[in-house]
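Trainee: I would like to learn how to read a model of this kind. Please take me through it feature by feature.

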Amino acid sequence: NMVQNVVGTGNSQYNGSVPINTTLSGTTYKMIDGSRGTGGTFGAMAITNANHTTSAGSVYTNASNTWGDGKQYIAGGSTTDANGQTAAVNAMWGLMNTYDMHKNVLGWQSLDGNNTATYIAAHVNTAYDNAYYSDTCKCMYIGDGGSYFNNLGSIDVIGHEMGHGITAATSNLAYRGESGGLNESGSDIAGEAVEAYARAGGAGATLPSPGANDWMMGQEIAKNGQPLRWMYKPSKDGSSPDAWSTSLKRLDVHYSSGPNNRMFYFLAKGSNSSSTSDYYSKYLTKAPLAMTGIGLDKAYRIWFKALTTKFTSSTNYADARLKVLAAAQELYGVNSAEAKAVQRAYAAINVGA
Ligand code: ASN
Ligand code: ZN
């Protein structure tokens, strides 16, 4: 009856061979991480097989502690990965890194900060080209990919989905209009922060310099070179604006996220007048003041504090600016370079001065 926490080998699709936490009960290995999260549906962080339905299904089990073949799922299963374990490996690796980044950098445990365990259901639906968070199950569903994407389990996409869980447990930004764009942007920001943390080795209490992540959501999963979103230049998708305007609130939340994504990129990496010269005449009345990027670590601490302790469900871009600024002032000082950088980053997307 004893359940042991053990470490297995996962052959992931996007990150090579990775150590994944599993349990051993009798002679059966289960894809449960007994060290991350308590309670919840499975008692700890877990990966299930939705098996092409929209329900969670049951936790992945295996006779050995080596999982997956690192290859894209093939309908009907492949000879080397008959149960589609690679999708489960992708999911567990993304969750472990998302959990660790928030715990180690921010002291925030799991979705709610109280360490309630979450899980991912892999293989949701058939040839499903998306992934989503559900607050009903406090869990995430990850598709195998279809026309546009391979398995949706890249680290940044999993960080994005778990980010929705953190937002739902805190500010609960309403998923429409400007607040919905900020909700989406918060998830993209979380996804990139997790990606940077994982790429730098997944350890320590600070985020690495902004160059460790690619500032594109789901670049690894793209079949045709088109990621889900370009944070450094949102308009590259043909639908997202690069700056705020009064019509922003009418866009789909995955497009109205664009300006805030760009604000965060500027905050971490810096900006000058040439960064915005392409939309200067369209949106801005004065040239943005040059700003030195404050780095990903400080930028994410400021954003996370505002998102989880200051934003409300109806926060819009103007309110976000005030609250992100207040967070920067509390963390680094009223007249700090960090606070100034927040003002300039928002001004560069046409919010405030
Ligand atoms: N992947 C999308 C997202 O997390 C799914 C959705 O539109 N809710 O934003
Ligand atoms: Zn989202």
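The dialogue below goes from the whole chain to single residues.

Mentor: This is a predicted model, in which local features need pLDDT of at least 70, side-chain atom pairs count only at pLDDT 80 or more, and totals for chains, interfaces and linings use all residues. Residues are numbered from 1 along each chain as its sequence is written, while chains are lettered from A and ligands numbered from 1 in the order in which they are written.

Trainee: What does the secondary structure of the chain come to?

Mentor: Helices (H or I, at least four residues) and strands (E, at least two) are DSSP runs, numbered from the N terminus. Here there are nine helices and 15 strands. The radius of gyration, taken over C-alpha atoms, is compared with a globule rule of 2.2 Å times the number of residues to the power 0.38. The chain has 20 Å, close to the 20 Å that the rule gives for 353 residues, so it is as compact as a globular protein of that length.

Trainee: How many of the residues are buried?

Mentor: A residue is buried if 20 or more other C-beta atoms lie within 10 Å of its own, exposed if 12 or fewer, and partly exposed in between, with C-beta atoms placed from the backbone. In this chain, 54% of the 353 residues are buried.

Trainee: Why is helix α5 said to be largely enclosed?

Mentor: In α5, 12 of the 12 residues are buried, so the rest of the structure largely encloses it. Among them are Arg262, Phe264 and Lys269. The expected span of a helix is 1.5 Å times one less than its number of residues. For α5 (residues 258–269) that gives 16 Å, and its end C-alpha atoms are 16 Å apart, which agrees. Gly270, with a positive phi near 100°, follows α5.

Trainee: Which residues other than glycine have a positive phi?

Mentor: Most residues other than glycine have a negative phi. Ser110 has a positive value, near 65°, and so does His123, near 60°. Ser110 sits in the loop between α1 (85–106) and β9 (119–122), and is buried, with 26 other C-beta atoms within 10 Å. His123 belongs to the loop between β9 and β10; His123 is buried too, with 24.

Trainee: Which residues surround ligand 1?

Mentor: A residue counts as near a molecule if its C-beta atom, placed from the backbone, lies within 6 Å of it. Around ligand 1 these are Asn130, Ala131, Tyr132, Glu161, His164 and Glu184. β10 (131–134) and α2 (155–169) each supply at least two residues of this shell.
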